[in-house]
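The sequence and structure are shown first.

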Amino acid sequence: MKKSLFIKILFLLIFTGGTSFNGLVNNVYICKGKYSEKYHYISNCRGLSNCKSSIKEVTQSEAENYGRTLCGWED
Ligand SMILES: [Zn+2]
């Protein structure tokens with residue numbers, strides 16, 4: 001009996017922990033250059049290789065707050 005309760009709690013932890021973990025790792029990359037208007041899911045994206053300035057890692061919602069849209073090389 002105790003073991004099945006433990007397993008239930010474990011599943012609950014994995015499930016709830018898993019969703020918040022996804023929220024945390026939802027980071028994107030932006031080029032800090034003046035004319036950049038995109039964000040990127042991967043740091044070695046083709047769009048970012050044109051970046052003359054430095055690359056910054058931010059959350060996706062932060063990037064959208066800066067007025068960035070998703071890079072055309074990704075979907
Ligand atoms: Zn990109």
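Predicted model: local features only at pLDDT ≥ 70, side-chain atom pairs only at ≥ 80, totals over all residues.

## Sheet, core and loop

Strand β2 (residues 38-40) pairs with β4 in the parallel sense, over two bridges. Within this part of the sheet, Lys38 has Thr69 of β4 as its bridge partner. The sheet as a whole is open and is formed by four strands in the order β3-β1-β2-β4, with mixed pairing.

The largest nonpolar core has eight residues: Val28, Tyr29, Ile30, Cys31, Tyr39, Cys45, Ala63 and Cys71. Strand β1 (residues 27-31) gives the most to this core, contributing four residues. In soluble globular proteins, nonpolar side chains tend to be buried together. Ile30, a member of the core, is in contact with Ser36, Tyr39, Lys56, Val58, Ala63, Tyr66 and Arg68, when neighbours within four places in sequence are left aside.

Ser53 lies in the loop between α2 (46-49) and β3 (55-59). This residue counts as exposed because Ser53 has 12 C-beta neighbours inside 10 Å, and exposure is assigned at 12 or fewer. Two computed values for Ser53 are listed below.

| Residue | Quantity | Value |
|---|---|---|
| Ser53 | C-beta neighbours inside 10 Å | 12 neighbours |
| Ser53 and Lys34 | C-alpha separation | 8.4 Å |

Ser53 and Lys34 are 19 residues apart along the chain. Not counting residues up to four places away in sequence, Ser53 touches Cys31, Lys32 and Gly33.

Definitions and conventions: Residues numbered from 1 in each chain as written. Core = buried A, V, L, I, M, F, W, Y, C linked by C-beta atoms within 7 Å. Buried ≥ 20, exposed ≤ 12 C-beta atoms within 10 Å, placed from the backbone. Contact = placed C-beta atoms within 7 Å. Pairing = 2+ DSSP bridges.
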